[in-house]
Structure formats: C-alpha cells, structure tokens
Amino acid sequence: ALKAQAVAARSYILKRMPQPYGAGAAVHSGDADICDDFAHCQAYVDENKRRENWGEQFVEKEKKIRAAVTATAGEVITYDGAVVSPTFCSTCGGKTENAADYWQSEVPALQSVSCYWDTDAPKYLSHVYYTKAEMAAKLGISCEELANLKITETAESGRVKTVTCGEKQWKGSAVRTALGLNSTDFQWLADENGYLITVKGFGHGVGLCQHGANGMAKAGADYKQILNHY
C-alpha cells in the first residue's frame with residue numbers, strides 16, 4: 001500500500017512539472033511547480049510534524065515509508081504513454097468516483113470502480129444531525145423552503161451530483177462543503193425537527209482509495225495490482 005502511494009504521489013508531482021515530462025506547472029505564486037496545500041495540490045508533512053504525530057513510532061514508520069519510496073524509485077503511472085495525474089483519497093466508501101463526475105473533466109485513467117477493502121476505515125460511515133434552522137442557515141435558504149429540498153442527480157458511484165430546492169440548485173460538492181460532510185456520498189432522513197444525514201467515505205473519492213489499498217495489500221495484492229485496480 002505504501003509503495004502504491006509512493007508511485008501515485010511521484011506521478012502526481014511529475015505531471016505538474018514543466019515539459020517534457022509533465023503538462024506544465026499549475027498556477028502558483030512565485031516559481032513553484034507544486035504546493036503543499038491539499039486543497040490545491042498535494043499535502044506534505046515535514047519531519048518535525050511527522051515526529052510529533054508518530055512519537056515513539058517515528059523511526060519504524062519513517063523506515064517503512066523510505067523503503068517504499070526507494071523500492072519504487074523512478075516508477076510513475078502512465079496511460080497511453082503519458083504520465084497520469086493519479087489523485088487519491090482516504091476512504092472511497094465502497095466505490096470510487098469518476099473524475100468527470102467530480103471535476104467535470106474526463107480522465108480515462110480515473111473511472112469509477114468497486115472497492116471491497118475499506119469497510120474497516122474509521123470514517124467509512126458517519127452521521128450528522130442538523131435542526132431545520134441549522135440546515136436552512138447552512139444552505140442559505142428559509143425553513144419554509146426546506147420542504148422542496150431534494151437530491152435530484154447522483155453519479156455512477158452513488159455520490160450526489162446535484163441538490164435542488166425550488167429554483168435553487170447546488171453541486172453535491174458545494175453541499176458537502178456547506179454542511180461539513182466527509183464526502184458527497186450522502187443521503188438524509190427528515191423528521192419534524194431536522195435532518196439526519198448519513199455519509200459514506202471520506203474525501204472526493206477519485207482515484208486511489210488509501211484504506212482500500214491497505215485492505216488489498218493485506219489480501220495479498222502487490223502495489224502494481226493496487227494501482228491498476230484504482
């Protein structure tokens with residue numbers, strides 16, 4: 001699983017480097033090709049933070065990660081001869097998302113696939129409850145309008161693409177952000193007081209599922225089989 005992550009992370013960075021290897025630098029201030037903002041590029045945790053996070057396990061975990069990086073040195077993921085931009089998420093919730101359904105941009109290498117190995121993930125399933133007043137405030141509508149709130153379009157993965165309320169419409173990702181949900185794979189049950197929202201997975205769901213990769217590895221898959229699956 002760590003080898004799969006290493007190859008995915010390396011490919012992600014290389015894709016964003018200038019030609020001839022990548023597709024050109026992303027938009028950043030200064031001369032950077034990539035940043036460490038997870039919402040824009042790829043998260044990065046420096047050594048001091050890793051030591052803080054891992055405590056007495058730092059040496060063991062650092063050794064495993066460096067071994068995975070070294071063992072896959074120089075390896076990247078390609079599709080039709082070009083380096084791909086392999087995104088990844090923590091927990092896909094049983095099925096990954098088509099890139100086109102989340103970002104409105106078709107990526108042949110990032111299609112929806114089933115995942116049977118992430119059910120033990122700590123955030124595989126989550127619940128949140130909002131009163132009607134809280135729900136309306138977060139969506140910027142009135143309590144009266146909530147009667148017309150509905151999920152009107154879902155993706156192949158089951159994730160929410162569109163939510164409407166009368167003439168108002170939101171993308172599933174916008175509702176996820178507004179309600180602070182773990183993913184766009186959500187549904188709700190309404191009662192007289194509010195909404196119980198059930199959410200599957202954690203993250204955008206596109207590409208490599210990290211907990212799924214770990215489950216595949218425990219089941220005997222090697223890193224190339226993991227990457228080929230996702």
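Student: Among contacts in the chain between residues at least 6 apart in sequence, what percentage join residues at least 24 apart?

Tutor: The model is a predicted one. Contact here means heavy atoms within 4.5 Å. Taking the contacts in the chain between residues at least 6 apart in sequence, the share that joins residues at least 24 apart is 57%.

Student: How many helices and strands does the chain have, and what does its C-alpha trace span?

Tutor: The secondary structure comes to eight helices and ten strands. Along its principal axes, the C-alpha trace of the chain spans about 60 × 40 × 35 Å.

Student: What part of the chain is buried?

Tutor: A residue is buried when its relative accessible area is under 20%. Of the 230 residues in the chain, the buried ones make up 40%.

Student: Which residue's side chain has a polar contact of 3.0 Å with the side chain of Thr-91?

Tutor: A polar contact needs a pair of N or O atoms within 3.5 Å. At 3.0 Å, the side chain of Thr-91 is joined in this way to that of Ser-90.

Student: Which residue's side chain makes a polar contact with the side chain of Asn-182?

Tutor: Asn-182 is in the loop between α6 and β8 (186–190). Leaving out residues up to four places away in sequence, Asn-182 touches Lys-123, Ser-126, Arg-176, Val-199, Gly-201, Phe-202 and Gly-203. The polar contact between side chains, at 3.3 Å, is with Ser-126.

Student: How many nonpolar, polar and charged residues are in the contact of α5 with α6?

Tutor: α5 passes α6 in a right-handed crossing. On the α5 side the contact is made by Met-135, Lys-138 and Leu-139, and on the α6 side by Val-175, Ala-178 and Leu-179. By class, these residues are five nonpolar, no polar and one charged.

Student: How many nonpolar, polar and charged residues are in the contact of α2 with α3?

Tutor: α2 and α3 (residues 58–71) pack at an angle of about 125 degrees with their axes 9 Å apart, which means that α2 is oblique to α3. Glu-47, Arg-50, Arg-51 and Trp-54 of α2 meet Phe-58, Lys-61, Glu-62, Ile-65 and Arg-66 of α3. The contact of α2 with α3 divides into three nonpolar, no polar and six charged.

Student: Which residue's side-chain oxygen reaches a backbone nitrogen at the start of α2, and which residue takes a positive phi just after α2?

Tutor: At the start of α2 (residues 47–54), the backbone nitrogen of Asn-48 lies within 3.3 Å of a side-chain oxygen of Asp-46. Just after α2, a positive phi of about 55 degrees is taken by Gly-55.

Student: What classes of residue make up the contact of α1 with α3?

Tutor: α1 (residues 2–15) and α3 pack at about 60 degrees with their axes 8 Å apart, and are therefore oblique to each other. α1 passes α3 in a right-handed crossing. The contact is made by Leu-2, Lys-3, Ala-6 and Arg-10 of α1 and by Lys-64, Ile-65, Ala-68, Val-69 and Ala-71 of α3. By class, the contact of α1 with α3 has six nonpolar, no polar and three charged residues.

Student: Is Asp-80 buried or exposed?

Tutor: Asp-80 lies in the loop between β1 (78–79) and β2 (82–83). Although Asp-80 is not a glycine, its phi is positive, at about 55 degrees. With a relative accessible area of 74%, Asp-80 is exposed.

Student: How many Å apart in space are Glu-167 and Asp-191, C-alpha to C-alpha?

Tutor: Glu-167 is in the loop between β6 (160–165) and β7 (168–171) and, at 84% relative accessibility, counts as exposed. Glu-167 and Asp-191 are 24 residues apart in sequence, and their C-alpha to C-alpha separation in space is 23 Å.

Notes
Residues are numbered from 1 along each chain as its sequence is written. This is a predicted model: local features need pLDDT of at least 70, side-chain atom pairs count only at pLDDT 80 or more; totals for chains, interfaces and linings use all residues. Side-chain values use heavy atoms; hydrogens and water are left out. A polar contact is a pair of N or O atoms within 3.5 Å; within protein, one must be able to donate a hydrogen and the other to accept it, and residues adjacent in sequence count only if both atoms are side-chain atoms. A crossing is left-handed if the near helix is turned anticlockwise from the far one by less than a right angle, and right-handed if clockwise. Helices (H or I, at least four residues) and strands (E, at least two) are DSSP runs, numbered from the N terminus. Ala, Val, Leu, Ile, Met, Phe, Trp, Tyr, Cys and Pro count as nonpolar, Asp, Glu, Lys and Arg as charged, and the others, Gly among them, as polar. Buried means under 20% relative accessible area, exposed over 50%, partly exposed in between (1.4 Å probe, protein chains only). Axes are lines fitted to C-alpha atoms, for helices over the stretch in contact, and angles run from 0 to 180 degrees between N-to-C directions. Angles under 35 degrees count as roughly parallel, over 145 as roughly antiparallel, 65 to 115 as roughly perpendicular and the rest as oblique.
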